Amino acid sequence: MSKDDEKFLDRINTYADKVLGHIDPQKTQVGYQLEQIKPIMEEIALEEGCSVESVFVRYMDLASERSVDLERKFQSTMGNMNSYGDIFSTNE
């Protein structure tokens, strides 16, 4: 992910945290969540001279990419922890 992509994603996520920080995303309709972050997407669309839909698609792609990266890092860490567990195992 490029630095510009990271800044783009972080900008929307920061805004989302501000306007949606009080809700439970598992219990709140996605449509409501999207409506709440629409203003930042409209702002970015104006700045970049593109449609709000384009901003949304880019956001979803980058959010998915970040999620996959975080999951890989987590799995790698867990794998390392499991291998350390083998070292300290006392199976005699």
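Of the 92 residues in the chain, 20% are buried. Buried means under 20% relative accessible area, exposed means over 50%, and partly exposed lies in between, with a 1.4 Å probe and protein chains only. This is a predicted model: local features need pLDDT of at least 70, side-chain atom pairs count only at pLDDT 80 or more, and totals for chains, interfaces and linings use all residues. Residues are numbered from 1 along each chain as its sequence is written, and side-chain values use heavy atoms, with hydrogens and water left out.

The accessible surface of the chain is about 7,100 Å². Carbon and sulfur atoms hold 53% of that surface. These areas come from the Shrake-Rupley method with a 1.4 Å probe; for residues, only the protein chains shown count as cover.

The chain has three helices and zero strands. Its pattern along the sequence is α-α-α. Helices (H or I, at least four residues) and strands (E, at least two) are DSSP runs, numbered from the N terminus.

Helix 2 covers residues 30–48, 19 residues in total. Its first and last C-alpha atoms are 25 Å apart, close to the 27 Å expected at 1.5 Å a residue. The expected span is 1.5 Å times one less than the number of residues. Helix 2 bends by about 45° at Ile37, and Pro39 follows within four residues. The bend is the angle between axes fitted to the seven residues ending there and the seven starting there. Ile37 is also one of the buried residues of helix 2, with Gln33, Ile40, Met41, Ile44 and Ala45. Just after the helix, Gly49 takes a positive phi of about 65°.

Leaving aside neighbours within four places in sequence, Leu9 is in contact with Met1, Tyr59, Leu62, Ala63 and Arg66. Contact means heavy atoms within 4.5 Å. Among contacts in the chain between residues at least 6 apart in sequence, 56% join residues at least 24 apart.

Arg58 lies over the face of Phe8, at 4.0 Å from the ring centre. A charge sits over a ring if NZ of Lys or CZ of Arg is within 6 Å of the ring centre and within 35 degrees of the ring normal.
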